[in-house]
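Open the model in your viewer and keep the selection panel at hand. The tour goes stop by stop.

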Amino acid sequence: MDGNHRHHIRLSFIIIRTSQIKTNNMEKKVNERSDSAFNNELKLKGFNVFQIEEDSNVVRNYSRKDFYKICLTTGESLINYADRSFLMKGTILFFANPNIPYSWETISRSYVGYTCLFSEDFYKPSDRSESLQHSPLFKIGGTPIFQITEEKREFLNGIFRNMMAEQSTNYAFKDDLIRNYINLIIHEALKLQPAENFDQVKNAAHRITNVFLELLERQFPIESASRPLKLRTAQDYATTLNLHVNYLNRAVKETTGKSTTTHISERIGSEAKALLLHTDWNVADIGYALGFEYPTYFNNFFKRVTGTTPTSIRPAEV
């Protein structure tokens, strides 16, 4: 075989391979699905449940969603959640909320299950109800993914099927019934991890701390470098809450054992990691979005909080 012939064969292989890659990328793009199609219906009802069938080659962008989500899925997937990544196989139960961005890539060819979407107003119809943000299943830093046995999968499948059947009925109290089904799923998940202390708020310090932590969470995720973080210091939060900063600091320290500044720094550090891992923004833009006027200030902050530099945790370019 002469050199020209080998060259033509190699060129033909490259063209075919390039075509295959483009085709695969187009197929993945076609299959890319967003839950935004359900937003209008969710705004009207506050709830939607549906079955996932043969949901392969799906990629959902890393972003904050407009609703809470519970997924029961069987297959293989890669989930990027806040600043962590999970490669999951088999059956999993996944919890997501509007305050924590995530992306989901389906890897296996066969991927089936159920998804339930709901707003906090639907789940929490009165101000006296406990916020979902306090649950370990939905809060920042919590573990949102649980491996499920075959026996438990059949049980949870039945709950999702009941919700699907109920959402299309005219039963006057179906919202209450569906909320009970959601609670049942949540409690089944809570059984899979050590119990945490969820005592009711008992004093002013607890109330102030809960309000502060909710306000802190509402500042994230950062979705645009052109809209930098507004509340950066303990004084900023105290002013917004109409409190003296010393009173806020004392309440937070008494309740959590950490200072207000520590909570703020840890949350900004967590968001910084997520932006570095899952966006293509440059380090200067990320620093500016998080309230740092100069890249040096951001680099120093990040190293102090995480012990490493921003560039050291960025994925290597290929």
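Are α6 and α9 roughly parallel or roughly perpendicular to each other? Some ground rules come before the answer. This is a predicted model, where local features need pLDDT of at least 70, side-chain atom pairs count only at pLDDT 80 or more, and totals for chains, interfaces and linings use all residues. Residues are numbered from 1 along each chain as its sequence is written, and side-chain values use heavy atoms, with hydrogens and water left out.

**Stop 1: α6 and α9**

Select residues 204-218 for helix α6 and residues 260-278 for helix α9. Helices here are DSSP runs (H or I, at least four residues), numbered from the N terminus. Their axes come within 11 Å and cross at roughly 25°. Axes are lines fitted to C-alpha atoms over the stretch in contact, and angles run from 0 to 180 degrees between N-to-C directions. α6 and α9 are therefore roughly parallel to each other (angles under 35 degrees count as roughly parallel, 65 to 115 as roughly perpendicular).

Now show side chains. On α6, the contact (heavy atoms within 4.5 Å) uses Phe-212, Leu-213, Leu-216 and Glu-217. On α9, pick Thr-260, His-263, Ile-264 and Arg-267. By class, this contact of α6 with α9 has four nonpolar, two polar and two charged residues. Ala, Val, Leu, Ile, Met, Phe, Trp, Tyr, Cys and Pro count as nonpolar, Asp, Glu, Lys and Arg as charged, and the others, Gly among them, as polar.

**Stop 2: α6 and α8**

The axes of α6 and α8 come within 8 Å and cross at roughly 100°. α6 and α8 are therefore roughly perpendicular to each other. Residues of α6 in the contact include Ala-204, Ile-208 and Phe-212. From α8, Tyr-247, Leu-248 and Ala-251 are among them. The contact of α6 with α8 divides into eight nonpolar, four polar and one charged.

**Stop 3: Val-245**

Select Val-245, in helix α8 (residues 245-256). At 16% relative accessibility, Val-245 counts as buried (under 20% relative accessible area, 1.4 Å probe, protein chains only). Leaving aside neighbours within four places in sequence, Val-245 is in contact with Ala-234, Gln-235 and Ala-238.

**Stop 4: the cysteines**

Which cysteine sulfur is closest to that of Cys-71? Cys-116 holds it, 9.0 Å away, too far for a bond. A disulfide is a pair of cysteine sulfur atoms within 2.5 Å. A search of the whole structure finds zero disulfides. Cys-71 is buried at 2% relative accessibility. Cys-116 is buried too, at 0%.

Note on methods:
Helix = DSSP H or I, 4+ residues; strand = E, 2+ residues; numbered from the N terminus. Parallel < 35°, antiparallel > 145°, perpendicular 65-115°, else oblique. Buried < 20%, exposed > 50% of the residue type's maximum accessible area, 1.4 Å probe, protein only.
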